[in-house]
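Thanks for coming, everyone. Let me put the structure up, and then I will walk through it.

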Amino acid sequence: MIIFEIRVIAMEYKMLFSPMNIGSVRIKNRVVMSPMLMGFGQFNGNATDKMADYYEARAKGGAGLIITEITRVNDLTGATSFGQLAASKNRNIESISTLAERVHKHGARLFVQLHHPGRQNISLMINTVPVSVFFNRILPNNLYSKLLYKNIVPLGKKLTEKDLFFKTVAPSKSPKSKFAESANKALTVSQIKKIISQFADAAKRVKDAGCDGVEIHASHGYLIQQFLSPVTNRRTDKYGGSLENRMRFLLEIIDAVREKCGADFPVVVRLTVDEMYNKIGKNCGYGLTEGIKMAKILEKKIDAIDVSSGGYDTFNYWLEPTTFECGWRKNLAAEIKKAVNIPVIAANLIRSPEQAEKQLTDGIQDFISLGRPHIADPEWSRKVFEGRENEIKRCICCLYCFQSMTEGAYIGDSGHCSVNPFVGRESEILPENGNGRNIVIAGAGVAGLTAAELLAKRKFRVTVLEKSGEVGGQINLADKPPHKEKIHWCVEDLLVNARKAGADIILNTEATKEIISSYSPYAVIVATGANAVLPNAFKKENAVTVTEILNGNIKPENKTICVIGSGMTGLETSELLISLGNRVSVIEMADKIAPGAWFQHLDDILPKLLDNGTRFYTSSKLEEIKPNGIEILNVKSGKKEFIECDLVVLSLGVKPNNLLYEKIKDSFERVYNIGDSEKAGRIHDATESAYILAKTIK
């Protein structure tokens, strides 16, 4: 520990690796792992080995402070996930203690984030946890888990949609949250007092478990922030109305925690200082001016403030998609830091050590909070400290971690990461038994480069053959729409790490049977990607695929264009076309735009398209492409319509490019097909298929 702090004086990032206290607790550096629910827990709220492995990996990776995921204080109305950590019962103390021990042995500190979702919960979770704990204990062989995810959850979701399940709780009866969409009811004063006591009891359990502090979650539209916001707090008693009254619930929680745990036990509050309703065109809620007032009141009672923004109604303004600029909300932390004399923690969409150091030296904040970056690379801090920042696997802000966690919660799965297939597998170690045997990989896209890195680490001799002059594959198209540059980080980082592991990447060389044979390969891996679908019926002079737009072969300007297909590729291509001065109409066969797309991506792009006059045709099928436009059929009404346009852009999906695999699969003893060339999918699908193969090759 002392060696670590002395050595850092000579490093470039002096502020980032300087120690600082939060209350009575010394933090060895300024790097904080933000709280993020991943779903690695048990029904009873105890941590699994998988959860402990996950947190320990980030502590071992050099983070100074780790703040756990949302940790429930109440099992009846406060459980948000069947795989969530809890401090609601004494039975949870031992589990939390294990987490603390594993984090502490690497010199990091552990704070537990205490949480109640309020109306942000889903009705399915109300009163469910005690039942699940009971039946899971008495039924053999995880039978209850199978019944839960196969039968009970689907039924509960249907009842929730019809408001026939239990209601969630809120400060006052409020509109349904955009994300949870469950009916809610107002808490009584006695229920409020009970929840306050539950926060204090949970904090005491955390202290008894040997943790270093607690963070009270008063942000992102959860219960405490619901009390702070006039949108969700319409009470007329002492807990509603004025700012003083709206803050009363939070202040009484802090007082109760102090009474239970003592003044020396650090208390941090994560606070939304601006609800960001103005960003979605609504004049409601509170903004930074009132957020500063809250911070000043809190300053007298807490040891640090964790500055955040937004809530679930303004989702993209606290959990940003890839199009948001790094540091876009740093002004929030800067204004709070000017107003208070306690340490300020903030996330601020920080994605590089240079950005982190600058925001510290500029006095914007005292601690750098890295959430998704720690999912993408648990060794972020250590790599920076050791001068290996070029080896960091950067978070590309694709939101798959949150999407996969949310969707997985309904089927007994956990969160995943597009660029890090080891999330939830931290204890798995790849055997170094390649013994220099040759492996040839055809294609240097995400799947090919991931396989190359992992197999090279296993000590195989890996050669990647890429027919083009650059690595990336489909990523070289995905990063072309406006503000999508971060997407390309994943292949840049894979290239660095694959080469460091020993893989040889050869460009401008197409993998043929003869060239592959010249390596006498032990195994051949085909990762040749996918091609855009172009039906024969639509092969017309005025029709192109999205590929030809995205790769720059065709650059229409000031044209009228019809884009066929409203998946994210079609929508993002439409945005690129608009940036070139074109007028765009989007045609979609389904009843709604981008069916199956994650809602945050739609919330991000649809306003931009609508603001630029994009016209949308749903329930509409492309019937015929004519020289001066297209004929579409409304599949509901049966009516046909002609739309005049200069160019038709087809976004009908992609199909695997498996020609090489089919040609050579019988020519070598071991031939594998991965990534899009096996089955078209997302970045995560490519890294996952590469990981599974790299792990299983004998």
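First, the ground rules. This is a predicted model: local features need pLDDT of at least 70, side-chain atom pairs count only at pLDDT 80 or more, and totals for chains, interfaces and linings use all residues. Residues are numbered from 1 along each chain as its sequence is written, and side-chain values use heavy atoms, with hydrogens and water left out.

Cysteines, then. How many disulfides does a search of the whole structure find? The count is 0. A disulfide here is a pair of cysteine sulfur atoms within 2.5 Å. Take cysteine 326: the nearest cysteine sulfur belongs to cysteine 397 and is 6.4 Å away. Cysteine 326 counts as partly exposed, because its relative accessibility is 28%. The cut-offs: buried is under 20% relative accessible area, exposed is over 50%, and partly exposed is in between, with a 1.4 Å probe and protein chains only. Now cysteine 401. Cysteine 401 is buried, at 14% relative accessible area.

On to the rings. The whole structure holds 29 aromatic pairs. Rings of Phe, Tyr and Trp (its six-membered ring) pair if their centres lie within 6.5 Å; planes under 30 degrees apart are stacked, over 60 edge-to-face, the rest tilted. Helices (H or I, at least four residues) and strands (E, at least two) are DSSP runs, numbered from the N terminus. Phenylalanine 82 and tyrosine 149 are both buried.

Another edge-to-face pair is phenylalanine 315 with phenylalanine 599: 5.1 Å between centres, 85 degrees between planes. Those two are 284 residues apart, with phenylalanine 315 in the loop between β10 (304–308) and α11 (330–339) and phenylalanine 599 in helix α22 (residues 599–611). Both are buried. They also belong to one aromatic cluster, with Phe179, Tyr222, Tyr312, Trp318, Phe402 and Trp598.

Next, charges over rings. The test: NZ of Lys or CZ of Arg within 6 Å of the ring centre and within 35 degrees of the ring normal. Lysine 157 has its charged end over the ring of tyrosine 410, 4.2 Å from the centre. Arginine 437 lies over the face of tyrosine 522, at 4.4 Å from the ring centre.

Now the sheet. It is open, has 3 strands in the order β22-β23-β24, and pairs antiparallel. Two strands pair if DSSP finds at least two bridges between them. The edge strands, β22 and β24 (640–644), each pair on one side only. Between β22 (residues 620–626) and β23 (residues 629–634) there are 6 bridges. A hairpin of 2 residues joins them. Between β23 and β24 there are 5 bridges. Isoleucine 632 in β23 stands opposite leucine 622, and also opposite glutamate 641 in β24.

Last, leucine 37. Where is it? In the loop between β3 (31–33) and α2 (49–60). Leucine 37 counts as buried, because its relative accessibility is 15%. Beyond neighbours within four places in sequence, leucine 37 has contacts (heavy atoms within 4.5 Å) that include Glu69, Ser81 and Met405.
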